[in-house]
2 protein chains.
Amino acid sequence: MIYENTDKPLYLASASPRRQELLKNIGISFRVIVPAGEDITFPFKSPRYYAEKKAEIKMQETLRSNPIDDGCIITADTIVERKNRILEKPRSVEDAVRLLKMLEGKWHTVFTAYCISMNRQKEVLKSISSQVKFKQLTMREIKNYVATGEPMDKAGAYAIQGYGLFMIEEIKGSYTNIVGLPLTHVINDLLKLKVIQVRK
Amino acid sequence: MIYENTDKPLYLASASPRRQELLKNIGISFRVIVPAGEDITFPFKSPRYYAEKKAEIKMQETLRSNPIDDGCIITADTIVERKNRILEKPRSVEDAVRLLKMLEGKWHTVFTAYCISMNRQKEVLKSISSQVKFKQLTMREIKNYVATGEPMDKAGAYAIQGYGLFMIEEIKGSYTNIVGLPLTHVINDLLKLKVIQVRK
């Protein structure tokens, strides 16, 4: 393994198995806690601001509902944006088809914002953007993809690390950011905060 | 599944489990055959030319050593290039460390060339390039990564879809091309050759 934990407890406030996998894969251990504040809505100026605010609200609400006094907590929020519109998780199969129709053959942006707290103090709030280009899709390709079930709980109705890979022509930026957590950025922050270290 | 085979037999002449996985993942079935011509060397003008020539030689040698008369065969070759030098698979642990030192903190290029034959006739020979940026690495991070064993059979001494992900800051271009097979391009060619079809 590449990294290891120090003596500071680490909590990942995210139910996403993809985010958990990214950290586990390189030797980082953590306890998963249920993030609060998922359903809080608010007005926003830009997609990037929305993602950051969302990650921050999740942190505030998670701290409020968890009596964790010391250690590090990570919250994150990933959104898909096209033409200044945010594409949420699909509400139905028809909605997933509609979202994928919007994305096919074109570039869009994925923002992942993450917030890190240490001992209940916010230490990091940042967001990373990546560009993704989908290939052109026939309606049958879209329907076959939706039929896999994969789009249903994903922002923008796709997962780059799953079956969705067949649509991804090109990307620009961090790959793990599109998966849901910009790994090199998060590692750097956790190293700085001495929550992890390079394995000795 | 997104695609399905037609009645034309498909053979993948590659021992790479990563390439096999990419095709299987979206519903494509094939028989794996051992590629011939892996160790043939020749002078070359450019990294891209080298990869294409290599994929072509693998096809010629694979056809020569296999009595496959009808159906489709795919061969592929992936190389890592930096400053017009080709980074091969490492010959030793020390060599892997040396290669990763060359790549850390910088951009490099990955070329995957692939060749497709139908009924012993070459139909496609092309190559796709992607850019990859590694984060800066300490010697201990490099040694920990080499200790996973992952770099040893990989061109450029890393795998983007494995532990190697912790080093990948950014990419530009096809992600699957870096894994070892530019999926959207190969799908398009196999659709055109009617070796696969969108699942009905």
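Biologist: Before we start, what should I know about the numbering and the model?
Modeller: Residues are numbered from 1 along each chain as its sequence is written, while chains are lettered from A and ligands numbered from 1 in the order in which they are written. The model is predicted, so to speak of local features we need pLDDT of at least 70, side-chain atom pairs count only at pLDDT 80 or more, and totals for chains, interfaces and linings use all residues, with side-chain values taken from heavy atoms and with hydrogens and water left out.

Biologist: Which residue meets A:Glu38 in a salt bridge?
Modeller: The side chain of A:Glu38 meets that of A:Lys58, at 3.4 Å from N to O. This pair links distant parts of the chain, 20 residues apart, with A:Glu38 in the loop between strand E3 (31-32) and helix H2 (47-65) of chain A and A:Lys58 in helix H2. Helices (H or I, at least four residues) and strands (E, at least two) are DSSP runs, numbered from the N terminus.

Biologist: Is A:Lys58 buried or exposed?
Modeller: A:Lys58 counts as buried, at 4% relative accessibility, whereas A:Glu38 counts as partly exposed at 38%; buried means under 20% relative accessible area, exposed over 50%, and partly exposed in between (1.4 Å probe, protein chains only).

Biologist: And which residues are linked with these in a network?
Modeller: A:Glu38, A:Lys58 and A:Asp77 are linked in a network of salt bridges.

Biologist: Moving on, what does A:Lys126 pair with?
Modeller: A:Lys126 forms a salt bridge with A:Asp189, and their closest N and O atoms are 3.2 Å apart. Because A:Lys126 lies in strand E7 (residues 121-134) and A:Asp189 in helix H6 (residues 183-192), both of chain A, the pair ties together parts that are 63 residues apart in sequence. A:Lys126 is partly exposed, with a relative accessible area of 27%, but A:Asp189 counts as buried at 5%.

Biologist: New topic: where is A:Gln20?
Modeller: A:Gln20 is in helix H1 (residues 17-24) of chain A, and with a relative accessible area of 15% this residue is buried.

Biologist: What is A:Gln20 in contact with?
Modeller: Leaving aside neighbours within four places in sequence, A:Gln20 is in contact (heavy atoms within 4.5 Å) with A:Leu12, A:Ser14, A:Ala15, A:Phe30 and A:Val32.

Notes: A salt bridge is a side-chain nitrogen of Lys or Arg within 4 Å of a carboxyl oxygen of Asp or Glu.
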